[in-house]
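I opened this model today to trace its sheet and the helices around it. My notes follow in the order I looked things up.

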Amino acid sequence: MRSCFLLCLFLAACCYPAIARAESPADMISSYRAQHGEGRVKPDSKLARIAHQQAAAMAAKDQLDHDVLGRFNARIDSAGAGRAAENIAYGYDSFAKTLNQWINSAGHRKNLLLHNASRVGVASVKSATTGRTYWAMEIAGDYARPKAMTGSKQSVAAKPKARASQPCRLKILSICL
C-alpha cells in the first residue's frame, strides 16, 4: 500500500511539476514577463517589506487604496530604483488568481511588464474585520550603481582636475612646461 502511494506521488510530481515545486510569485511574474520579451525578476527584501506594509495598511483600514500609507513615490524611494510600479488587489485567496486578475487589466499588465524591472516584492495580509485578503506587489528596476563610501573605511579616488588649455612652451619627457 505504501509503495503504491509513493508511486502515485512520484507520477503526480513528474506529470504536474507545480505539485513538485510550487512557484514563487517572482517565478510566476518572471514566466509571464518572459512570454512578453521582458527579463526575469528576482525577489527583493526591501520591495517585499514595502509590499507588506502596503497590504497590512489596506487590510487594517479594509480599503483598497494606493495612497493608504502615503504617496507611492515617497514609499518606494528607499528601494533605490530608478523605475518602479505597484499593483494592488483584494479578495483573491491565492497569488495565481491575483496575478491572473492583474494580467487581465491593462494598467496592471503594464506594471507587470515594466521595462528593465529586475526585482519584485509581493505580500498579502488578511483583514481581521472582513477576512478579505489584500495584495500588494512592488516591481522595480534601473538600479543605480552603489555610491562609493567616503571616510576612513574606503578612500575615493579623486578625479584629476583638467588643466586649463595652454600652449606647451617646452616639452621634456612628455612633460609640458
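Which residue in β3 is the bridge partner of proline 43? I looked it up: valine 120. The model is predicted, so I kept its limits in mind: local features need pLDDT of at least 70, side-chain atom pairs count only at pLDDT 80 or more, and totals for chains, interfaces and linings use all residues. Residues are numbered from 1 along each chain as its sequence is written, and side-chain values use heavy atoms, with hydrogens and water left out.

Entry 1, the sheet.
I found an open sheet of 4 strands in the order β1-β3-β4-β2, with mixed pairing. Its edge strands are β1 (42-43) and β2 (81-90), and each pairs on one side only. I noted the terms: helices (H or I, at least four residues) and strands (E, at least two) are DSSP runs, numbered from the N terminus. Two strands pair if DSSP finds at least two bridges between them. Strands of a sheet pair through backbone hydrogen bonds, either parallel or antiparallel.

Entry 2, strand by strand.
I saw that β1 and β3 run parallel, joined by 2 bridges. β3 and β4 are antiparallel, with 9 bridges. There, alanine 123 stands opposite alanine 136 in β4. The two strands β3 and β4 make a hairpin with 6 residues between them. In its turn, glycine 131 has a positive phi of about 80 degrees. β2 also pairs with β4 (residues 133-143) in the antiparallel sense, over 9 bridges. Alanine 89 has tryptophan 135 in β4 as its bridge partner.

I checked α4 (residues 45-61) next. It packs on the sheet and touches β1, β2, β3 (117-126) and β4; contact means heavy atoms within 4.5 Å. The direction of α4 makes about 30 degrees with that of β3. α6 lies across β2, β3 and β4, at about 110 degrees to β2. Angles run from 0 to 180 degrees between N-to-C directions, and axes are lines fitted to C-alpha atoms, for helices over the stretch in contact.

How far apart are the axes of α3 (residues 25-35) and α6 (residues 95-103)? They are 11 Å apart, and the helices pack at about 30 degrees. α3 and α6 are therefore roughly parallel (angles under 35 degrees count as such). Pro25, Met28, Ile29 and Tyr32 in α3 meet Phe95, Ala96, Leu99 and Ile103 in α6.

I counted 7 salt bridges in the whole structure (a side-chain nitrogen of Lys or Arg within 4 Å of a carboxyl oxygen of Asp or Glu). One joins aspartate 44 to arginine 119, with the closest N and O atoms 3.6 Å apart. Aspartate 44 lies in the loop between β1 and α4 and arginine 119 in β3, so the pair ties together parts 75 residues apart in sequence.

Note on methods. Angles under 35 degrees count as roughly parallel, over 145 as roughly antiparallel, 65 to 115 as roughly perpendicular and the rest as oblique.
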